[in-house]
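My entries follow the order in which I checked things.

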Amino acid sequence: MTASAGAEARPRVGHIQFLNCLPLYWGLVHSGALLDIELTKDTPDRLNEALVAGELDIGPISLVEYLRHADDLVVLPDLAVGADGPVLSVVLSSAVPLDDVRTVALGSTSRTSVLLARMLLEERHGLRPTYLTMPPDLPSMLREADAAVVIGDVALRATYDAERGGTGHPLGLIDLSAAWREWSGLPMVFAVWAARKSFAQRHPGTVKEVHDAFRSGLDLALRDVDQVATRAARFEVFDPATLARYFTTLDFRLGEWQQAGIRAFAEKAARRGDVPPLRAMTFAEV
């Protein structure tokens, strides 16, 4: 990214501090683009708030919060976090059979996933549980409720433990992305990358450069996914094979198929009154 010396500040860019976005961070580091941005790493809920408040110029935003603030944002093309089937890191974990669930703890770091869980429980399974919001600590959540919705590394660990535990594992597990695919026939998009519309109008070249850095860096990371997974596994509870599977299970695209999934989710959420109707997605010119 280029700019005259002292002419403008680095763009303020958000980054999700979960393993699902590690390939993006890897790409930024190895492409050198990290030197050209002011990066803020945080949980999805805090990054949502920062982008909406104008404390970030560009960043990931959960689908629900994007739908609530679409008029103020432009979407970066072909960049998202989702899955066309299981995602491994967005789950409902339950200590009782699904039909017996009466209370559900919702992880406080999530917006889209907790709404997806509510839609599935209420509209697909006909349940009307009581909900409580808690920090995303699965044992604590399941001490307070029959089931819990968690995302990110906590959910990936729950999936990992359930797979290793097999039929003897004490908890039930529903991959919410797989459940959405089965219900709607479409992929699930949990977050998109967006720029504040006012920033994009003032700095279209910078938005293009940030977008190009993310896309090229992501492509680099996915080409070297085994190396990325091996390096990441040194500091995680997960083995390299699990992380490589995870990184390639995630869908970072935002093509027509993924946009169809967004529209279907938006229609269901709008009917419930959880988000305004989605008129159209406005994309940044990159």
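**Domains and their interface**

I started with the domain assignment of the protein chain, which gives domain 1 (12–82 + 189–272) and domain 2 (90–184). Such bounds come from an automatic or database domain assignment. This is a predicted model, so I noted its terms: local features need pLDDT of at least 70, side-chain atom pairs count only at pLDDT 80 or more, and totals for chains, interfaces and linings use all residues. Residues are numbered from 1 along each chain as its sequence is written, and side-chain values use heavy atoms, with hydrogens and water left out.

I looked up the spacing next. The C-alpha centres of domain 1 and domain 2 are 23 Å apart. Domain 1 puts 27 residues into the contact and domain 2 puts in 23; contact means heavy atoms within 4.5 Å. About 2200 Å² is buried between domain 1 and domain 2, and carbon and sulfur atoms give 66% of that area. I take buried area as the accessible area (1.4 Å probe) that two parts lose on being put together, summed over both.

Then I checked polar pairing across this interface. I found 9 residue pairs in polar contact there, both residues at pLDDT 80 or more. A polar contact is a pair of N or O atoms within 3.5 Å; within protein, one must be able to donate a hydrogen and the other to accept it, and residues adjacent in sequence count only if both atoms are side-chain atoms.

Which elements of domain 1 each supply at least two residues of the side that touches domain 2? I listed α2 (44–53), α3 (63–68), β10 (188–196), α11 (240–249) and α12 (256–272). Helices (H or I, at least four residues) and strands (E, at least two) are DSSP runs, numbered from the N terminus. The largest share of this side, 7 residues, comes from α12. By class, the side has 15 nonpolar, 5 polar and 7 charged residues. Here Ala, Val, Leu, Ile, Met, Phe, Trp, Tyr, Cys and Pro count as nonpolar, Asp, Glu, Lys and Arg as charged, and the others, Gly among them, as polar.

**Salt bridges**

I counted 16 salt bridges in the structure. The rule asks for a side-chain nitrogen of Lys or Arg within 4 Å of a carboxyl oxygen of Asp or Glu. Across the interface of domain 1 and domain 2 it finds 4.

I then went to R272. E122 forms a salt bridge with R272, with the closest N and O atoms 2.9 Å apart. D274 also forms a salt bridge with R272, at 2.8 Å. R272 is partly exposed at 26% relative accessibility; buried means under 20%, exposed over 50%, and partly exposed in between (1.4 Å probe, protein chains only). Salt bridges that share partners join R118, E122, E123, R272 and D274 into one network.

D71 forms a salt bridge with R279, N to O 2.7 Å. This pair links distant parts of the chain, 208 residues apart: D71 is in the loop between α3 and β4 (73–83), R279 in the segment after α12. R279 is exposed at 68%.

In α2, I looked up N48. Is N48 buried or exposed? N48 is buried, at 3%. Beyond its neighbours within four places in sequence, N48 contacts P60, I61, S62, E65 and R111.

In α1 (residues 22–31), P23, L24, W26, G27 and L28 are buried. Just after α1, G32 takes a positive phi of about 85 degrees.
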